[in-house]
Structures are given as structure tokens and as C-alpha cells.
Amino acid sequence: MSDQIAMSIDPNVDPYGSLGIIRNTDGSITRPQTTRSFFITIPDKDSSVFMKDLVINLAKDMWARIVIPREVLNSETKLPLVVYFHGGGFVMAATVDTPILQKFYATLAVEIPAIIVSVDYRYAPENRLPAAYDDCVESLYWIKNTPNELLKKHADLSKCFLLGTSAGGNIAYHVGLRVAKVSECLKPLEIKGLILHHAFFGGNERTKSELRLARDKILPLNVCDIMWELGLPIGSDRDHPYCNPMVEIRSNENLFDQLKIQGWKILVIDCYGDPLIDRQIEVSKMLKEKGVQVVDSFSEGGFHGCEFFDDMKLKDMALVVKEFVRA
């Protein structure tokens, strides 16, 4: 998923520029200097929701944005909790206030309806994987122990779903596998399912959809290669389990035991215009074969992260997520 600045740069011509970074001759990268400010409340950008920012871990520059439908603010209503992990290929310095995310949050919060907690995490290569996984697991413990009155009042912690887009979908998958093993430690937070939206998976062997869309304007192969090169542990190839989940799925017969015991379900969302579609189909099929409750939603056309730029596709996605959360 690209932010608005990077979208103006053709990734096939300038892949590093499209990621908002500069590659130095020694292999290191340089980022533009940015200053982040923390808000007590967010200026009104959408009258349908209320947003509030909270620090999770200042030392790691981790924070979260809470998004609440305004119609429940003055009630005792509790809504399902959706913890959201944004995209950026683990490399792009996207944050929870990246502009294209705001309508996404608001639409999901209102349409499901649900409380959205969008989480920031450290990015690579300064902090290679599993740093992002570690941070997002930490965010769940932060939610469990939160003193925030809005979450206490309006979030039903017993109905929590992990949703991620692109790299965030990868995070939701791997964080889900981690915390399923320690679910008792997270209570009263109880995860009911994972929502993998255009999840950023890869592998050494190219898929047919990757080759067909090798020069895609949003997520071409050269950009995928760079993001994995910078994101994975040094010395790893793209068949590392962080990148290629099929490696671990095939080698570990008990990988999903805890998910199945706890009755978790997984929603896989993608479109046929995404170079990653074949990987989503493969993962979905294998999860079903392993006995995991899976719902998949594969739509025609589109492109990677299209819901951020197409209101109708966002509305359609919101309805799919609503049905999944409310089932």
C-alpha cells in the first residue's frame, strides 16, 4: 500500500522513491526527516466518527488511533473491537494518520459498526522483522491493560478481531499465530478472528499473478523484492516463514491447533488485479485443508489496496467485514 506522496512516483522507474526512501551506495537507506506530534483529540475530519490518539510506547514511537462511531459516544453501547495494522511493506514510514487511512477507518467503524484501534509499529530496515510483530503483540497487551475510558466504556474486549492491510495483513496473521498460544494471558481481550486484507506474502518462486502483473503500477515485483530485502532478517530469503507462510504451514502439522481449539475464523480478502492474489488463494485453500474456519472474498478487477481509492470497493469490503464480524 502506498501513501499519497509515493503514488505520484512510478515504482517501475524509481522503486526506492515510490517507497519514500533513498538507497545509499553502502546499502543503507535515508529517510526524509519527519516530526510526529501526538494529539489529545483529532480535529474533526469526519462527522460520523470521533478519533483520539494515545501513546503505547514512546520509546519505540508506538501509538494508536481510536476510532468510535459518534452515535454511540453518549450511550452505554459496547461494540466489537477491531485492531488494525496498516500497510507499507514494513518499510514505508506510513503511520496511523496517513491521510488515505482516515476514510477507511471511518467507513469500517460506522458500517460494521465497531471500535477501531489502529496501531503504529516500527519499520524496517532500522527495525527488521520480527520487530513489527513484537510491537503489535505489545499493542494487544496495552489494550488489555488500557486505562482509557473510551475503550473501557465502548469496546467489547470479548469480541476482538485483528485486521491488517498488505504488510498489516501479514502482521495480523503472524501476530494471531503468536497470541493464540497465550490467549489466557490476554483476557479480558478475546480474539475471535483474523481479517487478512490483501496480505503481503511472498516466496522465492514467482506465482502466475506476480509474473502477469510484474510491472504493476502499485506493487510491481521490483518493489516487492526491495521491501522483502529490507524487511526480513539479514541473510534470509523469501522462503523465510515471515514472508512465505506456506513453508511453515507445510512443515508444522500442529500450527493451527490453538486457533481451531478456540474457534477462531479467518477472512481472506483480495482482488484479481492484485499481484498477490495467487498467494491469497493458496493460503486460503491450505487453511481450509488444515481444518481452519476460513471465509474468502476474491473480487474481480481492482488493484493492491484499491479500497483506499475507490469508495464503492471500500463499501463492499465493509459489508464483507461486517458479515464476518457479526456472524
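Reply: In this predicted model, the number of disulfides is zero. C136 takes part in none, and the cysteine sulfur nearest to its own, that of C160, lies 12 Å away. C136 has a relative accessibility of 0% and therefore counts as buried. For C185, the closest cysteine sulfur is again in C160, at 15 Å, which is too far for a bond. With a relative accessible area of 42%, C185 is partly exposed.

The aromatic rings come next. A pair of such rings is described by two quantities, the distance between the centres and the angle between the planes. When rings whose centres lie within 6.5 Å are paired, the count comes to 11 aromatic pairs. One of them joins F161 and F324: the ring centres are 5.9 Å apart and the planes stand at 65°, so this pair is edge-to-face. Because F161 belongs to strand β7 (residues 155-165) and F324 to helix α12 (residues 311-326), the pair ties together parts that are 163 residues apart in sequence. Both F161 and F324 are buried.

A further pair is formed by F200 and W228, and this one is stacked, with 4.3 Å from centre to centre and 10° between the planes. Here too distant parts of the chain are linked: F200 is found in the loop between β8 (191-197) and α7 (208-212), while W228 is in helix α8 (residues 221-231), 28 residues apart. F200 and W228 are both buried. They also belong to a cluster in which ring pairs link F90, Y133, F200, W228 and Y242.

F324 has a charged partner as well. The charged end of K265 sits over the ring of F324, at 4.8 Å from the ring centre.

Helix α12, which holds F324, also contains R326. The relative accessibility of R326 is 45%, so R326 counts as partly exposed. Leaving aside residues up to four places away in sequence, R326 touches L79, P80, I112 and P113. Two of these are reached through backbone oxygens: the side chain of R326 comes to 3.4 Å from that of I112 and to 3.0 Å from that of P113. As for F85, its C-alpha lies 20 Å from the C-alpha of R326, and the two residues are 241 residues apart in sequence.

How values were computed:
Residues are numbered from 1 along each chain as its sequence is written. This is a predicted model: local features need pLDDT of at least 70, side-chain atom pairs count only at pLDDT 80 or more; totals for chains, interfaces and linings use all residues. Side-chain values use heavy atoms; hydrogens and water are left out. Rings of Phe, Tyr and Trp (its six-membered ring) pair if their centres lie within 6.5 Å; planes under 30 degrees apart count as stacked, over 60 as edge-to-face and the rest as tilted. Helices (H or I, at least four residues) and strands (E, at least two) are DSSP runs, numbered from the N terminus. Buried means under 20% relative accessible area, exposed over 50%, partly exposed in between (1.4 Å probe, protein chains only). A charge sits over a ring if NZ of Lys or CZ of Arg is within 6 Å of the ring centre and within 35 degrees of the ring normal. Contact means heavy atoms within 4.5 Å. A polar contact is a pair of N or O atoms within 3.5 Å; within protein, one must be able to donate a hydrogen and the other to accept it, and residues adjacent in sequence count only if both atoms are side-chain atoms. A disulfide is a pair of cysteine sulfur atoms within 2.5 Å.
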